[in-house]
Amino acid sequence: MKHLIKILIISTFFGCYSMYGIALQEEKSNFIPTQAHVDYKLKTTEGTAPHSIIFIIADGTGIGQYTVSYYTNGEFAPARFDHIGLVATHPNDGECSTSCKRVTDSAASGTALSAGQKTYNGAIAVDVDKNPVKTMLEWAQEKGMATGLVATSTVTHATPASFGAHVDYRKKEAEIAEQFAVADIDVILGGGKKFWPDSLISVYENRGGQFINDINATIDSERRLLGLFSDSGLEKVHNGREVSTTQMAKLALENLENNPNGFFVMIEESQVDWGGHSNSAEYIKGEMKSLNDLVNFTLDYQSTHPEVLVVLTADHECGGVAVHDGNNGDLDVRFTSDYHSANFVPIWSTGPGAAVFDAFMDNTEIGKRLIEYIQE
Ligand SMILES: [Zn+2]
């Protein structure tokens, strides 16, 4: 009996020891076998189709990044959304019996979101056989809607590219720019002038487009608009970004909203992801502040334009961000990697058709559903 009590005390002690997270000395592997997963569908496809769609993609933004913003940026704008769900983001990259991946890049996930199609990492709106897949922006063009793309990266970066171009590999940004120049997208705003040589700008202008490099330039509202405000991606927010995402969103909406058939615009808060890659809490905080402002702006807009659906989600998480207590009430933000993680990301929505996203879903469901709304 005494012996039993002794064993109980020892096992309880060690139980607590590991329960409170003090590292045990033994070497431990956390590689675990996986099982085939289910690509969960939306629970319902019933929903009133919106007249217009504002689709915000916060690149690399998971629960950790939102938590950083919640505790550091004051009023938490996403709390204003009416509906929230969760999204699985894995690509279709390799046979799961041998080498399949659960961690996506922005190209595969961008294609899932733009076209409702699983594909391989690096693919820009092409399927696993490298055949082009039709995106929601292209469906919107076919329906006579006005279309726009806004990003704080280069406009030819993976996420916006997945909506307006088709290439087998994301790094072909010069080729993506060549496709954009003749794609008849009504508004393209962001960074990346280096991929648009003057000869390509001429091609764009000869097709009736106007090019600006100053957000305050006078605009001819009768012509398509290309605004490139930096050579590469825009400056980081915490280093003093001059052209805000909200300014670009406002300019885009002014140039899209008068189409009687409605509009589709994808607005990317691109650099939350880069804050994760560089393991910088300060970088993430700044980009999340920009996203917060954008959400406030678009939901204010939606309240006076109730026919507009606003959806905010991410292509994937980045950095494996977790928030802990630091000293003196500060946050201690920690990272598990400098690349993307397979963690689920939230989806937030308000407006006609928003309620269907009150669910757990595969990322392709978002693309499929928004395409159905555009087709209705
Ligand atoms: Zn990334």
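Start by selecting helices α6 and α7, which are roughly parallel to each other (angles under 35 degrees count as roughly parallel, over 145 as roughly antiparallel, 65 to 115 as roughly perpendicular and the rest as oblique). The model on screen is predicted: local features need pLDDT of at least 70, side-chain atom pairs count only at pLDDT 80 or more, and totals for chains, interfaces and linings use all residues. Residue numbers run from 1 along each chain as its sequence is written.

**Stop 1: α6 and α7**

Helix α6 covers residues 173-181 and helix α7 covers residues 198-206; their axes come within 9 Å and cross at roughly 20 degrees. Helices (H or I, at least four residues) and strands (E, at least two) are DSSP runs, numbered from the N terminus. Axes are lines fitted to C-alpha atoms, for helices over the stretch in contact, with angles from 0 to 180 degrees between N-to-C directions. The crossing of α6 and α7 is left-handed, meaning that the near helix is turned anticlockwise from the far one by less than a right angle; clockwise would be right-handed.

Now show side chains. On α6, pick Ala 177, Glu 178 and Ala 181; on α7, pick Leu 200, Val 203 and Tyr 204, which together make the contact. Two residues are in contact if their C-beta atoms, placed from the backbone, lie within 7 Å. This set divides into five nonpolar, no polar and one charged. Here Ala, Val, Leu, Ile, Met, Phe, Trp, Tyr, Cys and Pro count as nonpolar, Asp, Glu, Lys and Arg as charged, and the others, Gly among them, as polar.

**Stop 2: Asp 184**

Select Asp 184, in the loop between α6 and β4 (187-191). Its phi is near 60 degrees, a positive value in a residue other than glycine. Asp 184 is partly exposed, with 13 other C-beta atoms within 10 Å. The cut-offs are 20 or more such atoms within 10 Å for buried, 12 or fewer for exposed, and partly exposed in between, with C-beta atoms placed from the backbone.

**Stop 3: α3 and α11**

Select residues 106-115 (helix α3) and 363-375 (helix α11), whose axes come within 5 Å and cross at roughly 35 degrees. Ser 109, Ala 112, Leu 113, Ser 114 and Ala 115 in α3 meet Asn 363, Thr 364, Ile 366 and Gly 367 in α11. These contact residues comprise four nonpolar, five polar and no charged.

Stay on α3 and pick Ala 107. Ala 107 is buried, with 28 other C-beta atoms within 10 Å. Beyond residues up to four places away in sequence, Ala 107 touches Asn 121, Gly 122, Ala 123, Ile 124, Ala 158, Ser 162 and Arg 170.

**Stop 4: the nonpolar core**

Next, select Ile 56, Ile 124, Val 150, Ala 252, Phe 264 and Val 265, which touch the most other members of the 93-residue largest nonpolar core. Such a core is a set of buried Ala, Val, Leu, Ile, Met, Phe, Trp, Tyr and Cys residues joined through C-beta atoms within 7 Å. Helix α10 (residues 281-304) gives the most to this core, with eight residues.

Val 265 is in strand β7 (residues 263-269) and is buried, with 30 other C-beta atoms within 10 Å. Leaving out residues up to four places away in sequence, Val 265 touches Ile 54, Gly 148, Val 150, Ala 252 and Leu 256.

**Stop 5: Asn 279**

Finish at Asn 279, in the loop between α9 (272-277) and α10. Asn 279 has a positive phi of about 50 degrees although it is not a glycine.
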